[in-house]
Amino acid sequence: MRYRSGMTHPMLKHCASLACLALLAGCGRSPTDTAIVPPADTSCTVRSHTVATTLVDCIRQDALWNQMIAFQHIADANPGPDGHASRNSGEPGYLASVNYTANLLRTAGYRVTIQSYTFPYYVYSSLPGLSEVSPTANTFVRGVDWTLSRGSGSGDVTAAVQPVGGIIIPGIATSTSGCTSGDFTGFVPGRIALIQRGTCSYDSKIALAQTAGASGVIIFNDGSSGHTGIGGCSLSGTATFPVVCLASYALGLSLYNQAAQGTTTAHLKITIQSDPNRLDYNLIADSPYGDTNHVVVVDAHLDAIYGAGMLDNASGSATILEIALKLAKTHTRNQLRYIWFGGEELGLLGSYYYTRNLAPAELAKIVFDVDADVTATPNYVIAIADPANSSGLATFPSSVVPASQLGNNYFASYFTAAGLPYQRRSNDGTDSYEFAQVGVPNTGILTGQDCCKSQADVNLFGGFTGNYEGNLHSTDGGFVDRPFLWGDNLGNNDPVILTTVSKAFASVVFNLANDASLGGAGVRTAPAPLSRVTQPTSKALPGMDR
């Protein structure tokens, strides 16, 4: 749904005050507009702000949308291996995003550092497919009959399907299919191994199939209660052939029964590019003003996954970029450090690397972190990212949650004054999570992504149940973080929401930057760097226990 002239934007229904209406003034651009209009007040770029309200006034829709247009152009000009617009980590579009942002910040007077690290890069270079060739032709639907997991090998295979030993029909949760070399006795090299989910790890099944000479593997669900549909798998990435993990029990049963009656031939195609040591980057910009012993980090992740990543997270990147540019000449009590992280979509890789590679004395200087992760959702919620609600709460130092309330309350006060509803949710999946792990208090903002917006959310914020994103009436989970859809483009964002949330974010940044209560927390010792999983698991493809 697009908001045409004469229609009431849903954000307006919550405006209970003149302050709220003022926030939305001039926010009438359509998400599909691409004309670049300069901000009306050019003095905003050279102003030194002494109060939050003047900064908030300078966060304008046209300037924010210009940044979004720039990120979309970068993605369009730098297609990934699949031929589609991309700003994914490890690809040219991401590095171009880093350089674009860095150049603006250097010109504005920031001290810019580009921090590099390596990660295991893995990308699908064409649409994957699984079909039965004979005795009957049947194309299996990805996302319905089978799914992908990061860590599959690459290949285009047409071969007979051979069930391995240990398969139990009907299925039970204790199947040992493919768990021993004996299960591959009599296996014909070159065939596709059909294996049932069971008690041993997926990787051990794949390794034994590889030793037996399989050209591919299809692992299907075991058929026990709760184990009938498709699902993702956590794979090590050592397979040298294509792997389907996990197919439905129904698909596996069909192939199993047909193979028992004669030769069944399948076509399995999964083509990938991988690099175990691909370079990735964090972009760090330090203000020349403020006490360097009291640093407030303002962060967003700059990377995408499966495409342009305009909602997730060009929107948050644009939010903090515009704030940085409008605060470039402002003297603050505490130093502001802006960071655009890479690798967030692959498991918070950039923020993990940054926080774990700070010397204890440098880490102790960081007094707060505030994160922008998705700030322009059309079917929005307004969610404060509160570490008190995190699933990782037990692993945070005890000081994190109480100290974080300062930032959370700044957000809450702003929204209350503006007459806008809000919720408090967790910081799970955001870069603030890694700051919480090392003892830094934090807050953040999210406007929602993926399926499904609940009726309770609708009651509070308006909109629709189901998908949060631009295709509002869909229940498919939308475009964000989902492979082979390539829909998270400029039109998947709402400029009114972007502007309203960015203004709120700017107010919180200004208040934290000038809060005299933010003292040092003493020398913090970051947890020892842990070995990240060999193949990071995307947020879109959650791993399973086995």
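**Group meeting: salt bridges, a sheet and a helix**

At 22% relative accessibility, Arg278 counts as partly exposed; that class sits between buried, under 20% relative accessible area, and exposed, over 50%, with a 1.4 Å probe and protein chains only. This is a predicted model, where local features need pLDDT of at least 70, side-chain atom pairs count only at pLDDT 80 or more, and totals for chains, interfaces and linings use all residues. Residues are numbered from 1 along each chain as its sequence is written, and side-chain values use heavy atoms, with hydrogens and water left out.

Back to Arg278. Its side chain meets that of Asp275 in a salt bridge, 3.0 Å from N to O. By salt bridge I mean a side-chain nitrogen of Lys or Arg within 4 Å of a carboxyl oxygen of Asp or Glu. Asp275 is partly exposed as well, at 23%.

Asp286 lies in strand β9 (residues 272-286) and Arg337 in strand β11 (residues 334-341), so the pair ties together parts 51 residues apart in sequence. Strands here are DSSP runs of E, at least two residues, and helices are runs of H or I, at least four, numbered from the N terminus. Asp286 is buried at 12%, and Arg337 is buried at 13%.

Another is Arg425 with Asp457, the closest N and O atoms being 3.2 Å apart. Arg425 is partly exposed, at 29%, whereas Asp457 is buried, at 6%.

Which buried arginine has no salt bridge? Arg87. The nearest side chain of opposite charge, Asp488, is 7.3 Å away; Lys and Arg count as positive, Asp and Glu as negative, and His and the chain ends are not counted. Arg87 is found in the loop between α3 and α4 (92-108).

Seven strands form an open sheet of mixed pairing, in the order β3-β2-β8-β4-β5-β6-β7; two strands pair if DSSP finds at least two bridges between them. β3 (138-140) and β7 (243-247) stand at the edges with a single partner strand each, so one side of each has no neighbour in the sheet. Even so, five of the five residues of β7 are buried.
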